[in-house]
Amino acid sequence: MTAWLAQHGRSFAATLAKLGRTPLGAALNFLVIGIALSLPVGLYVVIDNLQASSHQLAAEPQVSAFMALDASRAEVAQIETRLKQNPRVQRFRFVPRDEALQELRQSSGLADVVDSLPHNPLPDAFIVNARDSTPQALEALREEIMQWPRVAHVQLDAAWARRLDAALRFGRLVAAILGALLALALVAVTFNTIRLQVLTQRDEIEVIKLIGATDAFIRRPFLYFGALQGCAGGVVAWLIVSGGIWLINRNLGELSHVYESLFQLKQLTLGDSLGLLIFPAALGWFGAWLSVGRHLALIEPGVDK
Amino acid sequence: MISFSHVSKRYPGGHQALKDVGFTIEAGELVFITGHSGAGKTTLLKLLVAIERPTSGSVIVNGQNISALKPRAVPFLRRRFGLIFQDHKLLFDRSVFDNVALPLQIAGYGMKDAARRVRAALDKVGLLAYEKALPITLSGGEQQRLCIARAIVHRPAILLADEPTGNLDAEYAAEIGELFRSFNQVGVTVVIATHDQTLLARLAPRVVTLKHGELAA
């Protein structure tokens, strides 16, 4: 067992030494793999964050109920009472028509137009949060409120959030396809790197086969090389994605300050990070395994010449 | 220890390298395989370490039929031999020490034990002072001695040498001959394929002569 471990340790050390002999080439390979991996991972991170916030919005869908323009204070108060008593309603906010007009004036930059209006065109409104936020329940609530007297129009405000959610699911699929393609590319790159290595070490492989090396012994350093290269690519991808998130968050800080909302991308979790190291390592190992298996069979002492 | 019976080898393309060869070598013997070039000496050695398989007949080493050996078992067969090549087959990207350590690494020896054995083997062939040197800096005779050190480092019971003195001048060849004699004296079976008559005269071994792939009487 210790001998076996020592053998693996030596193979590993020899692999590191091999990488050390061609630092520039190795670094370039890591960079290529890292950049390729960072594309789907970065896309995934952005989508994941957007989806989390869209879920948050979609999870609290609101129903806006607009009163008829000529509804009286008493009629509005009646609706308010009904909403208070309705078990489907979690909470609601009343927006008087004057306040709505003020908001429009301030937020839309249409102050002149608003000022020139002969009278307020906006109705009184209630913004209602439902207790149950499933689409069916919301629709039922909408229809119920529609039936109440002097309610002119009822609107579901969550529709856009659900559309965003669907778009993001599509984006996730794109990220997955991109990821799968680049994983394939990683296997191909490793396959080729290892192929060149096997060919340049042809004589060496022949000699150690002659003095009794098993295929496993010959394969081992190449497999380590593939795994190590994949893993290093993963590290580069992690640095790129983490750095990217940090940079975006710094700029988002200013932006969200203006909009008074704090939207920040979440950093990669520990699980994500480990996956980003282990998954490319496994792919590299696999690419190397394919390559060595294929090319080792061609190198048999005595069959040549 | 080694026995050939009715062994024939025909290469793809039709060349008949060996024809109905049969002989045995006992443990501890010193045997020369001689014959003109192309007589089948090298093929005979290749059959012993399963580089080639016989077309017919059987090659038995230590009671094991080499011709029926599974590919997975071949590395373990080869570890029982010490192989010495005319072209040395050294690895030029690593030191003298690392070249000799290779068979021990393959067999999974611990570092300490391996280092001790490597130095003993290098001492035996007189190259201990060069352990950190690269093989390319050694002379032809020294390279051949290095190849011998690598072949004996794991203490094999059988040494196989293919034209070990083929590229060497007489003085070096004599040194190599003495080395083989000393291994044989401690009980190692030594099989040498050569047409070096001087070596033959010096060691006075048992001789197996091949002629056009057949045993000559």
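Two residues are in contact here if their C-beta atoms, placed from the backbone, lie within 7 Å. Keep in mind as you look around that this is a predicted model.

**Stop 1: the core around Leu159(B)**

Select Leu159(B) and show its surroundings. Leaving out residues up to four places away in sequence, Leu159(B) touches Gly82(B), Ile84(B), Ala151(B), Ile152(B), Phe183(B), Val188(B) and Val190(B). Leu159(B) is also among the residues with the most contacts inside the largest nonpolar core, together with Leu48(B), Ile84(B), Ala149(B) and Leu160(B). That core has 104 residues. Which helix gives the most to this core? Colour α9 of chain A, residues 215–259: this helix contributes 14 residues. Now pick Val63(A), Ile79(A), Leu138(A) and Leu141(A), which are included in a second, separate core of 13 residues.

**Stop 2: the sheet of chain B**

Return to chain B and show its strands. An open sheet of six strands runs in the order β6-β7-β8-β3-β9-β10, with mixed pairing. The edge positions belong to β6 (81–84) and β10 (214–215) of chain B; each has a single partner strand, so one side of each has no neighbour in the sheet.

Next select residues 158–162 and 189–193 of chain B, which are strands β7 and β8. These two run parallel and are joined by five bridges. To see one pair, pick Ala161(B), whose bridge partner in β8(B) is Ile192(B). Another helix to show is α5 of chain B, residues 140–152, which lies across β6 and β7 of that chain and runs at about 170° to β6(B).

**Stop 3: Ala170(B)**

Stay on helix α6 of chain B, residues 170–185, and select Ala170(B), which lies in this helix. Is Ala170(B) buried or exposed? Ala170(B) has 10 other C-beta atoms within 10 Å, and a residue counts as exposed with 12 or fewer, so Ala170(B) is exposed.

**Stop 4: where the chains touch**

Show both chains. The contact takes 16 residues from chain A and 17 residues from chain B. On the side of chain A that touches chain B, the elements giving two or more residues are α1 (2–21) and α8 (202–210) of chain A. The largest share, five residues, comes from α1(A). Coloured by class, this side of chain A shows 10 nonpolar, four polar and two charged residues.

**Stop 5: the two domains of chain A**

Colour chain A by domain: domain 1 is 2–57 + 162–296, and domain 2 is 62–157. Their centres, taken over C-alpha atoms, are separated by 53 Å.

Finish with the open sheet of four strands in chain A, which has the order β2-β3-β1-β4 and antiparallel pairing. Neighbouring strands of this sheet are turned by 20° against each other on average, direction ignored. Select β1 (residues 62–67) of chain A, which pairs with β4(A) over five bridges; within this sheet, Phe66(A) has His153(A) as its bridge partner in β4(A). Lastly, show helix α6 of chain A, residues 135–147, lying across β1, β3 (125–130) and β4 of chain A.

Conventions
Residues numbered from 1 in each chain as written. Chains lettered and ligands numbered in written order. Predicted model: local features only at pLDDT ≥ 70, side-chain atom pairs only at ≥ 80, totals over all residues. Domains from an automatic or database assignment. Pairing = 2+ DSSP bridges. Axes fitted to C-alpha atoms, helices over the stretch in contact; angles between N-to-C directions. Buried ≥ 20, exposed ≤ 12 C-beta atoms within 10 Å, placed from the backbone. Nonpolar A, V, L, I, M, F, W, Y, C, P; charged D, E, K, R; others polar. Core = buried A, V, L, I, M, F, W, Y, C linked by C-beta atoms within 7 Å.
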